[in-house]
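Visitor: I would like to learn how to read a structure like the one shown below. Please take me through it one feature at a time.

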Amino acid sequence: MNDWKIISTAAVVPEKIVTNDELSQMMDTSDEWIKSRTGIERRHISIGQNTSDLAAAVGRKLLAQSGWAAGDVDLIIVATMSPDSYTPATAARVQGKIGADHAVAFDVSAACSGFVYALTVASAMLKLPYFNRAMVIGSEVLSKLLDWHDRSTAVLFGDGAGGVLLSTTPDHHVLGADLASFGDLSEKIVAGQTTVAADFPGPVTEVTPFAMDGRAVYKFATHAVPASIRRTAADAGISLDQVDHFILHQANARIIRQVARRLDQPLTKFPININEYGNTSAASEPILLAECIEKGMVRRGETIVLAGFGGGLTTGTIIIKY
Ligand code: ACO
């Protein structure tokens with residue numbers, strides 16, 4: 001049975017930066033409140049580029065870095081909660097844009113856990129004979145789902161995309177994975193709610209903006225994420241001390257510090273870039289991973305935990321040897 005290894009990583013964020021001070025001109029908030037409650041200082045906001053545009057830019061970067069041709073890719077999975085459209089899948093658009101003619105392409109919807117869910121789906125598919133080379137991308141344009149007058153959500157999110165190229169290998173690289181879903185808490189984070197007409201013929205549905213019970217999600221994350229990481233490490237037969245880096249979903253710097261405390265691990269093992277990008281949902285982990293690898297902070301042979309949490313509610317952890 002094959003494992004996979006990461007061949008290359010890449011991230012793309014929109015050029016436009018919106019600072020906390022700029023947001024405080026638009027709504028009743030302040031740089032001090034946002035920084036102290038979340039760690040966010042600025043975010044990148046897409047002007048004109050949709051989710052598949054950012055994802056395709058990541059795809060092109062991944063191919064250029066690896067030397068693979070587009071035709072080498074067997075599988076494209078995009079994790080997103082902000083697709084361009086209900087159909088086609090964002091991944092299908094990416095396939096078309098990069099010319100990956102024979103790839104199978106589809107999306108995974110698990111909000112901020114999406115990247116880990118997509119990697120886990122790719123893991124299963126890469127054990128099948130047909131699939132040897134996969135592109136897994138987390139891409140979000142959350143700015144199009146935000147109510148820019150709602151300070152309780154608008155200050156938290158940003159746009160961006162990141163991804164990895166995976167190739168099968170006989171070596172043991174995927175040490176463990178753990179996915180969990182909590183549908184009884186599904187109303188705690190809702191975006192893009194559709195309506196069904198009460199009459200026939202009804203109006204075309206209008207989707208709702210992002211809404212979240214922030215306190216409930218905070219409490220959920222600080223308990224469910226450490227539990228998920230502990231379960232995965234135990235199943236993999238490794239101790240947390242053997243983990244070199246914890247690449248956590250960047251939703252709130254306070255959540256990351258709390259998870260580090262609960263796992264009794266030094267904060268130095270938990271890289272943070274939420275200050276620059278805000279919460280980019282499914283894109284946050286691959287963006288952070290790509291940055292850490294580019295800066296030489298994450299090196300070949302090291303053991304990495306990738307852990308996400310969010311809408312669903314969901315949690316997902318995967319432990320890999322890079
Ligand atoms: N600026 C100023 N004041 C604000 C703002 C703002 N942007 N937003 C809320 N407030 C006010 C509130 O109105 C409240 O005022 P009150 O005390 O007068 O009622 C006060 O600040 C405290 O509000 P809380 O919501 O209790 O603030 P909290 O410390 O919980 O921080 C936050 C809010 C940052 C959202 C936090 O709860 C959090 O990070 N939760 C987790 C969110 C998360 O992780 N989401 C990830 C999943 S998202 C996904 O899946 C895509």
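Visitor: Leaving aside its neighbours within four places in sequence, which residues is V58 in contact with?

Guide: Keep in mind that this is a predicted model. Beyond its sequence neighbours, V58 is in contact with A10, A11, V12, I137, S139, A161, G162 and G163.

Visitor: Which residues have the most contacts inside the largest nonpolar core?

Guide: V58 is one of them, together with I76, I77 and V136. That core has 99 residues. Helix α7 (residues 214-236) gives the largest share of this core, 8 residues. Both domain 1 (3-170) and domain 2 (175-321) contribute at least three residues to the core.

Visitor: How far apart are the C-alpha centres of domain 1 and domain 2?

Guide: The centres are 14 Å apart. For the contact between the parts, one general idea comes first. The size of an interface is often given as the accessible area lost when the parts come together. Here the description is by residue contacts: 43 residues of domain 1 are in contact with 45 residues of domain 2.

Visitor: Which elements supply at least two residues each of the side of domain 1 that touches domain 2?

Guide: They are β1 (3-12), β3 (42-44), α5, β6 (133-140), α6 (151-154) and β7 (160-169). The largest share of that side, 7 residues, comes from α5. Sorted by class, the side of domain 1 that touches domain 2 has 20 nonpolar, 17 polar and 6 charged residues.

Visitor: Where does UniProt place the feature "active site"?

Guide: The unreviewed UniProt entry places it at C112, H249 and N279. These positions are spread over 168 residues of sequence, yet they cluster in space, with a largest C-alpha distance of 8.7 Å.

Visitor: Is C112 buried or exposed?

Guide: A residue counts as buried if 20 or more other C-beta atoms lie within 10 Å of its own. C112 is buried because it has 32 C-beta neighbours inside 10 Å. C112 lies in the loop between β5 (104-108) and α5 (114-125). Away from its sequence neighbours, C112 has contacts that include H249, A251, S281, S284 and F309.

Visitor: In which loop is N279 found, and why does N279 count as buried?

Guide: N279 sits in the loop between α9 (274-277) and α10 (284-294). N279 has 23 C-beta neighbours inside 10 Å, so N279 counts as buried. Apart from neighbours within four places in sequence, N279 is in contact with L156, F157, G158, Q250, A251, I274 and S284. A251 and S284 are also among the contacts of C112.

Methods: Residues are numbered from 1 along each chain as its sequence is written. This is a predicted model: local features need pLDDT of at least 70, side-chain atom pairs count only at pLDDT 80 or more; totals for chains, interfaces and linings use all residues. UniProt positions are given in the numbering used here, feature names are shortened, and annotations may be inferred rather than shown by experiment. Helices (H or I, at least four residues) and strands (E, at least two) are DSSP runs, numbered from the N terminus. A residue is buried if 20 or more other C-beta atoms lie within 10 Å of its own, exposed if 12 or fewer, and partly exposed in between; C-beta atoms are placed from the backbone. Two residues are in contact if their C-beta atoms, placed from the backbone, lie within 7 Å. A nonpolar core is a set of buried Ala, Val, Leu, Ile, Met, Phe, Trp, Tyr and Cys residues joined through C-beta atoms within 7 Å. Domain bounds come from an automatic or database domain assignment. Ala, Val, Leu, Ile, Met, Phe, Trp, Tyr, Cys and Pro count as nonpolar, Asp, Glu, Lys and Arg as charged, and the others, Gly among them, as polar.
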